[in-house]
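Dear colleague,

Please find below the structure that I am handing over to you, together with its sequence. My findings follow directly after it.

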Amino acid sequence: MEERKKILIVDDDEELVRILSINFMAEGYEVCAAFDGVSAVMRAHKEHPDLIVLDVRMPAGDGLNVVEKLRSSTKTFNIPVLFLSALPYDELKEKAAQAGVVHYLTKPFELDMLLGMVRNILGIEDRKPVLKVMGA
């Protein structure tokens, strides 16, 4: 049996984390969450996720700071990071690319687009989602 891919969701918006968790689990992923930058780095070291979906603006360490800390550790330096942010891409594209962020999606976003990006990053064949929940 193939091991399920694990996604760490990091956002201070608990409702968004809940919605993303439901949808990622419906896609067959294992999910863990953190709500600020400090706990994000600790969870990444503990959980060893296959992907981190990370907000840029958060308490206790912004997204760029989190990525910098992840890249400085041998345990977490190669985990792909997808920024999910309300900040326009143009403002951060250079810094995000230099930090090693693999994708950037601006809020509000289309759930199908996010799920497609996740499948692409994790090397999973495209499949139809079982469930999509946006405002439940």
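**Findings**

Of the 136 residues of the protein, 45% count as buried. Please bear in mind that this is a predicted model. The accessible surface of the protein comes to about 7400 Å², and carbon and sulfur atoms account for 52% of that surface.

As to the fold, the protein contains 5 helices and 5 strands. Read from the N terminus on, these elements run β-α-β-α-β-α-β-α-β-α.

**Aromatic pairs**

How many aromatic pairs does the structure hold? There are 2. Are the two partners buried or exposed? Phe 24 has a relative accessible area of 0% and is therefore buried; Tyr 29, with a relative accessible area of 2%, is buried as well.

Another pair is formed by Phe 83 and Tyr 104. Why does this pair count as edge-to-face? The ring centres of Phe 83 and Tyr 104 are 5.9 Å apart and their planes stand at 80°, and an angle over 60 degrees places a pair in the edge-to-face class. Phe 83 belongs to strand β4 (residues 81-85), whereas Tyr 104 belongs to strand β5 (residues 103-106), so the pair ties together parts that are 21 residues apart in sequence. Phe 83 counts as buried because its relative accessibility is 0%. Tyr 104 has a relative accessible area of 11%; this residue is also buried, because the limit for that class is under 20%.

**A residue of helix α5**

Finally, I would draw your attention to Leu 111. Where does Leu 111 lie? Leu 111 is found in helix α5, which covers residues 111-122. With a relative accessibility of 5%, Leu 111 counts as buried. Leu 111 and Leu 20 are separated by 91 residues in sequence, while in space the distance between them is 8.7 Å, C-alpha to C-alpha.

With kind regards

Key
Residues are numbered from 1 along each chain as its sequence is written. This is a predicted model: local features need pLDDT of at least 70, side-chain atom pairs count only at pLDDT 80 or more; totals for chains, interfaces and linings use all residues. Side-chain values use heavy atoms; hydrogens and water are left out. Rings of Phe, Tyr and Trp (its six-membered ring) pair if their centres lie within 6.5 Å; planes under 30 degrees apart count as stacked, over 60 as edge-to-face and the rest as tilted. Buried means under 20% relative accessible area, exposed over 50%, partly exposed in between (1.4 Å probe, protein chains only). Helices (H or I, at least four residues) and strands (E, at least two) are DSSP runs, numbered from the N terminus. Accessible areas come from the Shrake-Rupley method with a 1.4 Å probe; for residues, only the protein chains shown count as cover.
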